[in-house]
Amino acid sequence: MSKGKMGLIVAGVILLILIVSLYSFFKGTYNNFVRLDETVKTAWAQVENQLQRRYDLIPNLVETVKGYAKQEKDVFVEVTNARAKVGGAGSVPDKISANNELTSALSRLLIVVERYPDLKSNQNFMRLQDELAGTENRIAVERKRYNDAVQSYNIAVKSFPANILAGMFGFAPATLFDAPAAAKTAPQVKF
């Protein structure tokens, strides 16, 4: 075999290996983005399930507390308005913001509850408060799972050289579910 033919065969093999390697990289990276994106969407759906559960419990909680605390109208209006914002939020960042506002309003409602000892012994209220507390715990767990999924996805989208492929196919970083600034200060109960 002549040197020319041998050189062409070697060049062909190298080119074939390069093509197969690039194909494997693109296929693997793209499929990883799809998998991570779906994980983020699934995690967000779980957060929304729990947020909906809380959203559905709030009217019952408010009505029960209203019976005992008629002079606390401002808090009830605030909770109702925050709940309405949650119902009208469209994008993930809007939903996060609206739910953070609702969390803040609910903490103020629970402060009102502390002012009414008879209310705390009411069976309906106790059941609703337990349901809400359980839901808040579920929300916290699902938020963490969502943020973990977003973190993995965002790392993949921003890492070199995969970030080039992510940009080509429109995979953009996802939004984390951050706690509102008000959550950093504990609510104060005053009698």
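A residue counts as buried when its relative accessible area is under 20%, as exposed when that area is over 50%, and as partly exposed in between. Trp-44, with a relative accessible area of 8%, is therefore buried, and Phe-177 is likewise buried at 5%.

The model is predicted, and its secondary structure consists of six helices and zero strands. Buried residues account for 32% of the 191 residues, while the accessible surface comes to about 11800 Å², 59% of which belongs to carbon and sulfur atoms. Of the contacts with a separation of 6 or more, 78% are between residues 24 or more positions apart.

The structure holds six aromatic pairs, and two of them are set out below.

| Pair | Centre to centre | Angle between planes | Geometry |
|---|---|---|---|
| Phe-25 and Phe-26 | 5.6 Å | 80 degrees | edge-to-face |
| Trp-44 and Phe-177 | 5.8 Å | 40 degrees | tilted |

The pair of Trp-44 and Phe-177 links distant parts of the chain, since Trp-44 belongs to helix α1 (residues 3-68) and Phe-177 to the segment after α6 (162-169), 133 residues apart. In the other pair of the table, Phe-25 is partly exposed, with a relative accessible area of 32%, and Phe-26 is also partly exposed, at 34%.

Elsewhere, ring pairs join Tyr-30, Phe-33, Phe-169 and Phe-171 into a cluster. A ring also meets a charge in this model: the charged end of Arg-83 sits over the ring of Tyr-55, 3.7 Å from its centre.

Note on methods
Residues are numbered from 1 along each chain as its sequence is written. This is a predicted model: local features need pLDDT of at least 70, side-chain atom pairs count only at pLDDT 80 or more; totals for chains, interfaces and linings use all residues. Side-chain values use heavy atoms; hydrogens and water are left out. Helices (H or I, at least four residues) and strands (E, at least two) are DSSP runs, numbered from the N terminus. Buried means under 20% relative accessible area, exposed over 50%, partly exposed in between (1.4 Å probe, protein chains only). Contact means heavy atoms within 4.5 Å. Accessible areas come from the Shrake-Rupley method with a 1.4 Å probe; for residues, only the protein chains shown count as cover. Rings of Phe, Tyr and Trp (its six-membered ring) pair if their centres lie within 6.5 Å; planes under 30 degrees apart count as stacked, over 60 as edge-to-face and the rest as tilted. A charge sits over a ring if NZ of Lys or CZ of Arg is within 6 Å of the ring centre and within 35 degrees of the ring normal.
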